[in-house]
Amino acid sequence: MLREGIKEIDESRQGEAITIDQAVGKNKNRKVYIESYGCQMNFADSEVVASILTKDGYSTTKELSEADLILLNTCSIRDKAEQTIRKRLSNFNTIKKNKPEMVIGVLGCMAERLKSKLIDEEKLVDLVVGPDAYRDLPNLVNEVDHGHKAVNVILSKEETYAEIEPIRMGGNGVTAFVSITRGCDNMCTFCVVPFTRGRERSRDPKSIVNEAKQLFEKGYREVTLLGQNVDSYLWYGGGLKKEFKNLSEKEQAESVSFAQLMEMVAQIDPLLRVRFSTSHPKDLTDDVINTIAKYDNICNYIHLPVQSGSNRILELMNRGYTKEWYKKRIDKIWEIIPNCSISSDIITGFCSETEEEHQETLDMMRYVRYQLGYMFKYSERPNTVAQRKFEDDIPEAIKQRRLEEIIALHRENAHFRNNEMVGKIFEVLIEGVSKKSDQELYGRTPQNAVAVFPKENHQVGTYINVLIESCTTGTLIGKVVNA
Ligand code: 5AD
Ligand code: SF4
């Protein structure tokens, strides 16, 4: 359901809008500092925001002390994420006391969720901009410059920022995110994202392929195609997501599915690795699995969040699959891509979850033995179905204990998976210098395992073969070989 957004620009200012050219002149020496929280989508969005503001005359800075405009791209997924951001905003407000002309803005999910409350009640910011309103940023900052507070949290049915070339900030120059869908139509009952990011829409495949090509030409060697639910990507000319079966014959003929899109990106160059995130178990098709198998440069790694191993909880979560279905998907992946690694998100302590149901989640983890895992205590989010209909009745101490059990099992699994790789050779794309030693480099295998190895004369952004000699829970340790 798409909710109405609000746009609040003081009407008395109308007619005073300055042209882009004037604005560019005006903003020539202004610097924007952007801090991003939460999911990869937010980091990708910040790069779009940097692009929009750079066109408006700003330059980006990594130094807070240099900033004229501070933007926080925020996350609402759990209460803890919002608390972290509130603390950060208080810090910024302390700085602002000595630098009153500095503008502080909130972008992203928290902006969308709290809207003008961040200004009116919490008095923390000058500017509130939702995920679909970034093109309006120059106008909104202009409003703030004129002494007004500005809010635009209108959600769009079409916006994909398709033609905006993101400015890559702080990356390694080797791997980049490319957004392919925005929003989510799934309505998992625990999740605030459908409210903060609006309805699902797919981005024009031409603009996706162009962006990936340009990245490759600039020396990037890996793109991660991003969306809340990439498997339901479907392009048929723009606008809100429809089911394939509901398209006209012409639309069906011209449509591009996720598997086809991946193929288009994989064909740019065999040296460009393709990753994607996030897959939804109910939408991961055999076509997608077959396409991964068909191309060497599509990485053998699928992030396939299970959330829970109990059918009753999965139903309460509105996930649209059972544990049996999920296991069958896993079996299918391994049948077609035997060395495919799998990762997951798991929520523990969801409303009314029993000890037996918690055990079922552990059983699922024993079955799949995830390579990577992101594990969370359930955090009730305002206005979600779970908040309105179910009781958040698992005591904090029990949530904590269950989480610890899940994390302990995950560690064993991850160590098991890494151990499986010892003695084998993997192609690794070098991403940078290891944090622990400047004599070592690190990169990732196609299965998304991090490997470190001696630096010698190897170059960041190139592929090498690494023989894995030992491992820890999180890292493979090896040496470069020629084979
Ligand atoms: N509480 C805890 N975890 C959540 N996630 C989403 N909403 C919540 C919530 N209310 C987790 C899910 C999702 C990941 C991005 O965050 O596991 O896959
Ligand atoms: Fe949230 Fe579910 Fe959509 Fe993921 S698929 S963003 S968990 S509603």
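Colleague: Which residue in β14 stands opposite Leu-225?
Modeller: Phe-276 in β14 stands opposite Leu-225. Strands here are DSSP runs of E with at least two residues, and helices are runs of H or I with at least four residues, both numbered from the N terminus.

Colleague: What kind of model is this, and how are its parts numbered?
Modeller: This is a predicted model, in which local features need pLDDT of at least 70 and side-chain atom pairs count only at pLDDT 80 or more, while totals for chains, interfaces and linings use all residues. Residues are numbered from 1 along each chain as its sequence is written, chains are lettered from A and ligands numbered from 1 in the order in which they are written, and side-chain values use heavy atoms, with hydrogens and water left out.

Colleague: Back to Leu-225, then. How many bridges join β11 to β14?
Modeller: Five bridges join β11, residues 222-226, to β14, and these strands run parallel. Two strands are said to pair if DSSP finds at least two bridges between them.

Colleague: In what order do the strands of that open sheet come?
Modeller: The order is β8-β11-β14, with parallel pairing. The edge strands, each pairing on one side only, are β8 (175-179) and β14 (273-277). Neighbouring strands are turned by 25° against each other on average, direction ignored.

Colleague: Which helices lie across these strands?
Modeller: Helix α8, residues 205-217, lies across β8 and β11 and runs at about 170° to β8. Helix α10, residues 258-266, lies across β11 and β14, at about 160° to β11. Contact means heavy atoms within 4.5 Å. Axes are lines fitted to C-alpha atoms, for helices over the stretch in contact, and angles run from 0 to 180 degrees between N-to-C directions.

Colleague: What polar contacts does ligand 1 have?
Modeller: An oxygen atom of ligand 1 is 2.6 Å from a side-chain N or O atom of Asp-345. A polar side-chain atom of Arg-78 lies 3.1 Å from a ligand 1 oxygen, and a backbone N or O atom of Ser-379 lies 2.7 Å from a nitrogen atom of ligand 1. A polar contact is a pair of N or O atoms within 3.5 Å; within protein, one must be able to donate a hydrogen and the other to accept it, and residues adjacent in sequence count only if both atoms are side-chain atoms.

Colleague: And ligand 2, what is around it?
Modeller: Cys-184, Cys-188, Cys-191, Phe-190, His-280 and Arg-319 are among the residues around ligand 2.

Colleague: How do the strands of the closed barrel run?
Modeller: Its five strands run β18-β19-β20-β22-β21 with mixed pairing, and the twist averages 55° from one strand to the next. Strands β18 (residues 425-433) and β21 (residues 463-471) are antiparallel over five bridges. The bridge partner of Glu-427 in β21 is Asn-465.

Colleague: Last one: where is the cis peptide bond?
Modeller: The cis bond joins Ser-277 and Thr-278, with omega about 5°. Thr-278 is found in the loop between β14 and α11 (286-294). Most residues other than glycine have a negative phi, and most peptide bonds are trans. Lys-115, not a glycine, has a positive phi of about 50°.

Terms used: Near = heavy atom within 4 Å.
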